[in-house]
Amino acid sequence: RQRALVSAIPDLVFRIARDGTFLDYHANNLAELAYRPEEFMRHRIEDIAPPQNAARTMNNIHKALETGKEVVYEYELAVNGVPLEFEARMVASGPDEVLLIVRNITERKQAQARDFELELEKERTRLLRQFIQKMSHEMRTPLSIINSSTYLLARTDAHEVRRQKAQVIEEQVQRMTRLVDMLLLLLRLEKDTGANYQPVYLQRLLDSLCAQVAKRQGQQPVLD
């Protein structure tokens with residue numbers, strides 16, 4: 001009956017000694033094993049597994065034996081050249097050995113990744129919709145001001161009024177230009193796959209910023 005119960009278990013089961021030596025195993029399908037039985041039976045896990053996986057398994061063996069509690073963890077391992085995800089459950093089965101039950105959770109992980117990508121795409125769509133709404137409002141405001149200023153400009157002969165309206169139109173055009181520049185910058189940042197560092201001449205940058213401020217404010221800033 002015990003053999004029948006063990007044979008019905010779809011997971012991989014291993015008996016491992018305190019020093020990491022494989023004592024016994026159960027596998028309904030030998031193709032699910034990362035190593036052939038002769039490669040790991042009576043061998044220590046540190047001698048066959050990748051160093052990181054081996055060190056983690058040994059730490060969990062000691063933890064399970066010292067605490068007497070179940071240890072659950074996940075790891076990745078290549079089986080027949082294909083990277084797979086596994087969930088491991090380890091319990092002490094004696095004073096100097098543990099029972100390790102391993103389940104292939106690759107499909108579950110892939111499904112979770114697909115769900116995550118779907119939620120991420122939904123969030124991107126929501127943010128894009130929100131961005132378009134805000135940008136439409138930002139664009140509509142200067143366009144309305146330009147439209148009304150143009151209307152008044154065409155219907156007055158007063159020099160001062162025409163000058164003021166022309167200045168308002170220029171300011172709103174500059175505002176729209178800055179908005180378009182921001183959009184183009186966002187597109188460039190979205191397409192860039194890596195940082196592109198270039199030398200920057202601070203004096204030229206400061207001179208350009210001062211010129212822009214002076215054009216908007218109508219006065220020349222003084223640099224100390």
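**Sheet, helices and cores of the predicted model**

Contact here means heavy atoms within 4.5 Å; axes are lines fitted to C-alpha atoms, for helices over the stretch in contact, and angles run from 0 to 180 degrees between N-to-C directions. Helix α5 (residues 106–154) packs on the sheet too, touching β3, β4 and β5, with its direction at about 125° to that of β4.

A word on the ground rules. This is a predicted model, so local features need pLDDT of at least 70 and side-chain atom pairs count only at pLDDT 80 or more, while totals for chains, interfaces and linings use all residues. Residues are numbered from 1 along each chain as its sequence is written, and side-chain values use heavy atoms, with hydrogens and water left out.

As for the sheet as a whole, it is open, has five strands in the order β2-β1-β5-β4-β3, and its pairing is antiparallel. β2 and β3 (71–79) form the edges, each pairing on one side only. From one strand to the next, the twist averages 25°. Strand β1 (residues 12–17) pairs with β5 (residues 97–104) in the antiparallel sense over six bridges, and L12 stands opposite V102 in β5. β1 also pairs with β2 (residues 22–26), again antiparallel, over four bridges; there F14 faces Y25 in β2. The hairpin of β1 and β2 has four residues between the strands, and in it G20 takes a positive phi near 90°. β1 is mostly covered, with five of its six residues buried, where buried means under 20% relative accessible area, exposed means over 50% and partly exposed lies in between (1.4 Å probe, protein chains only).

Then there is the nonpolar interior. A nonpolar core is a set of buried Ala, Val, Leu, Ile, Met, Phe, Trp, Tyr and Cys residues joined through side-chain atoms within 4.5 Å. The largest such core has 26 residues, of which F14, M90 and L100 touch the most other members. The elements giving two or more residues to this core are β1, α4, β3, β4 and β5. Apart from it lies another core of seven residues, including I146, L153, I169 and L179. Leaving out residues up to four places away in sequence, M90 has T57, I61, V71 and L100 among its contacts.

Back on helix α5, S149 is one of its residues, and it counts as buried because its relative accessibility is 3%. With residues up to four places away in sequence not counted, S149 touches K165, V168 and I169.

Most residues other than glycine have a negative phi. R42, in the loop between α2 (37–40) and α3 (45–48), has a positive phi near 65° and is exposed, with a relative accessible area of 59%. N80 lies in the loop between β3 and β4; its phi is positive as well, near 55°, and at 66% relative accessibility N80 counts as exposed.

Conventions:
Two strands pair if DSSP finds at least two bridges between them.
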